[in-house]
Amino acid sequence: MSPVLNKVPVQRCFGGVRLIDGPSVINTRRLDNGALPWIEAAASIGIQVDIDHFTTFGRELELDMDRLTQKAFGLTGHYCNLGSAPQVAELLFKKLKVKQSRKKMTPSGSRQTADEEVLAAIKHDHEVIPVILEFRECQKLKGTYCEPIVKFARRAGDGTWRLFGNFSHTRVPTGRFAMKEPNLLAIAAHSERARKLRKGFITRKGWVILTVDLSQIEMRIAAHRCNSPQLISIYLNDEDVYSEFAITAFHLDDYKFRNDSGKWIYPSVDKEEHRFPAKTCVLASLYDVTAQGLLVQMPTGKGWNELKCQDLLNAFYVKFPEVLELRKVD
């Protein structure tokens, strides 16, 4: 037998608790049991919804889908049912001769697929592809949320319309919650339409709806593990790591100040032009995403290409070289 090597215990983050020797049944049981009363309360109380809002918004989405269909016709000269995957595939790959970045076929092998992953990878290659993706967003918001919410909403004892979702905390391997009928945990939050959809979730006077998440948890763990002085300093000073990186990456004016509430303000950092690409790059770098993969996540119409994405990744590793060393070790 080979000799046993003495190794420093690996630090892991499991179920929100940092452990030294690996997962702990005691910690897991404590966390899961602590969440059960919340799950039961959420399922029994439900969430109040504005039925009229979802009905009206559903009609607006239908009009948007019609408009986008006409826009696609104007861009290509070909009529296409943008909700039909076979017709979209024929339009892009046969009529317009668009090439997949990596050829992917349907399960039957009968044609090239035009699923979300494929379209996202080539969205910079033809101006009609963002139109198709926008159409599919409308289609999903209408069919996955607006219609099911109206269908599953029930009149509660206080006269309000509420959704009593079916929660599960044992179905997802990562330990996250799951929900169905409908799945409110998967609603997008970053597009204008998604934000408008969320306005249909309401509450009675004097109450508020609160959203809580683990702020920048990936970068905080990376800072801890790689022991980067710059990253640690940013978090100790309550600065914004994405804006700090944007200043370096886009050669912006390095000026910031705290407002009356103590939050750091970065006047030179535009939320869409600078902070969003910087945030996307930072998170992508932690998951070993290439420049090609980063391009898929970048917005269209902003001049992004694979070379610029590679420059952005390089700028991140130059600013925080310890993260690159950490990735090599992993």
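Begin by selecting helix 7 (residues 217–226) together with helix 8 (residues 229–236): the two pack with their axes 8 Å apart, at an angle of about 130°. The model on display is a predicted one. Angles of 65 to 115 degrees count as roughly perpendicular and those over 145 as roughly antiparallel, and helix 7 and helix 8 are therefore oblique to each other. The crossing in which helix 7 passes helix 8 is left-handed.

Next, display the side chains at this contact. Helix 7 contributes Met-219, Arg-220, Ala-223 and Cys-226, while helix 8 contributes Leu-231, Ile-232 and Tyr-235. Sorted by class, the contact of helix 7 with helix 8 comprises six nonpolar residues, one charged residue and no polar ones.

Now move to helix 10 (residues 271–286) and select Thr-280, which lies in this helix. Is Thr-280 buried or exposed? Its relative accessibility is 9%, and because buried means under 20%, Thr-280 counts as buried.

For the last stop, select His-190, found in the loop between strand 7 (178–180) and helix 6 (192–198). With a relative accessible area of 70%, His-190 is exposed. Finally, draw a distance from the C-alpha atom of His-190 to that of Ile-265: these two residues are 75 residues apart along the chain, and their C-alpha atoms are separated by 21 Å.

Conventions. Residues are numbered from 1 along each chain as its sequence is written. This is a predicted model: local features need pLDDT of at least 70, side-chain atom pairs count only at pLDDT 80 or more; totals for chains, interfaces and linings use all residues. Side-chain values use heavy atoms; hydrogens and water are left out. Axes are lines fitted to C-alpha atoms, for helices over the stretch in contact, and angles run from 0 to 180 degrees between N-to-C directions. Helices (H or I, at least four residues) and strands (E, at least two) are DSSP runs, numbered from the N terminus. Angles under 35 degrees count as roughly parallel, over 145 as roughly antiparallel, 65 to 115 as roughly perpendicular and the rest as oblique. A crossing is left-handed if the near helix is turned anticlockwise from the far one by less than a right angle, and right-handed if clockwise. Contact means heavy atoms within 4.5 Å. Ala, Val, Leu, Ile, Met, Phe, Trp, Tyr, Cys and Pro count as nonpolar, Asp, Glu, Lys and Arg as charged, and the others, Gly among them, as polar. Buried means under 20% relative accessible area, exposed over 50%, partly exposed in between (1.4 Å probe, protein chains only).
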